[in-house]
Structure formats: C-alpha cells, structure tokens
Amino acid sequence: MYFTRAIEAHPNNSTGYLNRSQIYQLRGDNQLALRDLTQAVNNSAQPDDYYKRALLYIKLKEWEKAEKDLDKVIKTEDFKRDAEPYVYRAICKAQQRKRQAACKDIEVAYNLTNDKELEDMLQKMWNDCGCY
C-alpha cells in the first residue's frame, strides 16, 4: 500500500497515518484505522486529528474516549465557534447518561448555528434529553 511505504519513509509525518486510516475505515477495519489515527495524534496533536479520532470513537460507541478528544478539539481556536463538535460531544454525554452536560452542549451548538436542519435536530435532542 502506498501510504504504508510513505509511513516507513517518514514515520513522524502524520499525513500518511491519516490517509491510511481513511483507507482502513473504507475497508471496515476500524481498529487499524484507530491505531493510525492515534499515531497521527501522537505525532502532531493537531485538532483535526483529535476530531477525526473522536468521530471514529463515536462510530465504535466508545463515548468516553470520544468525549475526551472532543474536549481537546473544542478548546482550540479552530473549533470553539463551530457547532458540530458540541453536537457530537452532546451525543457522547447523552449516551453516558450525563444529561445536564449534554443539554449545555446542545444549547451552545444551537447558539452557534444558523442551519435550520441542524437547529431542528438540536431541538429534538433537547427534548429527548429532557432539557429545560
């Protein structure tokens, strides 16, 4: 595989790991994808890398790990004004029965978006979590 050769040539460059993780995910091999995403995070600790890993953790229903990565993402300038990471973190929190914390993230996400479809989804999440 091309990306494996790139990784062998440049093991500290995250790009090869990120690209190979996408191939693994397309093939349905999420554990290998997770291994590569973790290596990318270890090499560069970029917010995008944490975000990609958080999304894979969500797919794997590893809610606590996803929440921790999303915490790191949301603290960065790149993402703190973006509704999407708050939505995903709210989902993680709701899955862990942290309803009050999920409600806070839903509210933040709602205030950050102008997307009607996302607002409707957030309203449903708000109701499902029993937020008031």
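Reader: Which exposed residues does the face of H7 turned away from its buried side carry?
Author: In this predicted model, that face of H7 carries Gln100, Lys104 and Asn111 as exposed residues.

Reader: And which residues of H7 are buried?
Author: Ala102, Cys103, Asp105, Ile106 and Ala109 are the buried residues of H7. They lie on the same side of H7 because the arc they cover around the axis is only 165°.

Reader: What do the buried residues of H7 pack against?
Author: Their packing partners are two helices, H6 (83-95) and H8 (116-129).

Reader: How many residues does H7 have, and how far does it reach?
Author: Helix H7 spans residues 99-112, which gives 14 residues. From its first C-alpha to its last, H7 reaches 20 Å, close to the 20 Å expected at 1.5 Å a residue.

Reader: Turning to the loops, where does arginine 97 lie?
Author: Arginine 97 is in the loop that lies between H6 and H7. Its phi is near 65°, a positive value in a residue other than glycine.

Reader: Is arginine 97 buried or exposed?
Author: Arginine 97 counts as exposed because its relative accessibility is 62%, and the cut-off for exposed is over 50%.

Reader: What about alanine 45: where does it lie, then?
Author: Alanine 45 belongs to the loop between helix H3 (30-44) and helix H4 (47-59). Although alanine 45 is not a glycine, it has a positive phi of about 50°.

Reader: Why does alanine 45 count as partly exposed?
Author: The relative accessibility of alanine 45 is 42%, and partly exposed covers values between under 20% for buried and over 50% for exposed.

Methods:
Residues numbered from 1 in each chain as written. Predicted model: local features only at pLDDT ≥ 70, side-chain atom pairs only at ≥ 80, totals over all residues. Heavy atoms only, no water. Helix = DSSP H or I, 4+ residues; strand = E, 2+ residues; numbered from the N terminus. Expected span 1.5 Å × (residues − 1). Buried < 20%, exposed > 50% of the residue type's maximum accessible area, 1.4 Å probe, protein only. Arc of directions from axis to C-beta. Contact = heavy atoms within 4.5 Å.
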